[in-house]
Amino acid sequence: MRAMLLAAGLGERMRPLSELLAKPVLPVLGRPLAHWTLDRLRAAGVTDVVVNTHHLAETVRAALGDGRRLGLRLRYSHEPEILGTGGGPRRARALLGDEPVLVVNGDVLFGFDLRRLVEGHRRSGALVTLALRPNPDPRRYPPVVTDAAGRILSIRGGPRPGRGTAWLFAGVHVLAPRLYERLAEGPSDVIEALYLPLLAEGALLRGVRPRGAWYDLGRPAPYLRAQLALLRRGWQGLPSPLVAPGARVQRGARVHAIGELVQETWTDRETGDERSEFKLNLDAVYPSLVKIEAVRFKPKREVPPVAGA
């Protein structure tokens, strides 16, 4: 089985972190984000993965290599001009084969059973299956609307408004690669150029809500929140305890919380970007021992090297 990992994005919402590393290989719990995704794909029976690249392509190749260390075969489709979620797979069409293919966004972390997702797609007879999550605010996040049986009625309000349950697209979908042949070569958005025309024709597109955790790591604030949550809850494949490479913990040592991490977030009035500042409140845990009440951390351009590179 084959899959495609979308890794060509500019990562504009993730700046300044994405100015040194492509977003799909930013470190998440000690590993490049894409490693966690590739683990999931391998567990689902995927053997070949196509990775498209554009922005900081060399950092993607350095972190992923040829895939052998991850039990996969990776092939790359480089885009001198960024082609988008439709144009990228269209350019890589010859590498995707003819059987249903999993296409996964490079900035999400999930615990879905992808094998079940693909099996359900095959049984349904749908042309496309989208993994969905509850939509916390359909006015803010463009909704995918389905009927009670899971048939998709509209996406982003098109081709016409649909009445049903509003969901959020989780960045994971299954489809026949031949559908990409409907797209002209060059930049395109898969929703606008492919899925909406299919819906207008009456084709069956299906939405399902897979079981398992899901995190959107597309911006710095949720990128931090997700990792703090995962450290508390654990994650499949995460070593316990998690110790950074090069760090040493004395035998018999016991590690306790050293403070309370508080996030302050605001919107930059000039750019509209979300900005964050983090405060480590030491006094919250050791009021009688620590005289410094707080240390503030602001985002810097420097980021740690990619683990596993």
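## A first look around Leu102

Leaving out residues up to four places away in sequence, Leu102 touches Met1, Arg2, Ala3, Met4, Leu41, Val46, Leu114, Leu117, Val118, Val172, His173 and Val174. Keep in mind, as you explore, that this model is predicted.

Leu102 belongs to the largest nonpolar core, which has 51 residues. Together with Leu41, Val49, Leu64, Leu109, Leu114 and Val172, Leu102 touches the most other members of this core. Helix 1, spanning residues 33-43, supplies the largest share of the core, with 5 residues. Apart from this core lies another one, made of 27 residues, and Val101, Leu130, Ile155 and Trp167 are among them.

Next, have a look at the rings. The structure holds 1 aromatic pair.

Finally, let us visit Gln227, which is found in helix 6, residues 220-233. Is Gln227 buried or exposed? Its relative accessible area is 14%, and because buried means under 20%, Gln227 counts as buried. A polar atom of the Gln227 side chain lies 3.4 Å from the backbone oxygen of Tyr223. Setting aside neighbours within four places in sequence, Gln227 is in contact with Pro27, Val28 and Leu29.

How values were computed
Residues are numbered from 1 along each chain as its sequence is written. This is a predicted model: local features need pLDDT of at least 70, side-chain atom pairs count only at pLDDT 80 or more; totals for chains, interfaces and linings use all residues. Side-chain values use heavy atoms; hydrogens and water are left out. Rings of Phe, Tyr and Trp (its six-membered ring) pair if their centres lie within 6.5 Å; planes under 30 degrees apart count as stacked, over 60 as edge-to-face and the rest as tilted. A nonpolar core is a set of buried Ala, Val, Leu, Ile, Met, Phe, Trp, Tyr and Cys residues joined through side-chain atoms within 4.5 Å. Buried means under 20% relative accessible area, exposed over 50%, partly exposed in between (1.4 Å probe, protein chains only). Helices (H or I, at least four residues) and strands (E, at least two) are DSSP runs, numbered from the N terminus. Contact means heavy atoms within 4.5 Å. A polar contact is a pair of N or O atoms within 3.5 Å; within protein, one must be able to donate a hydrogen and the other to accept it, and residues adjacent in sequence count only if both atoms are side-chain atoms.
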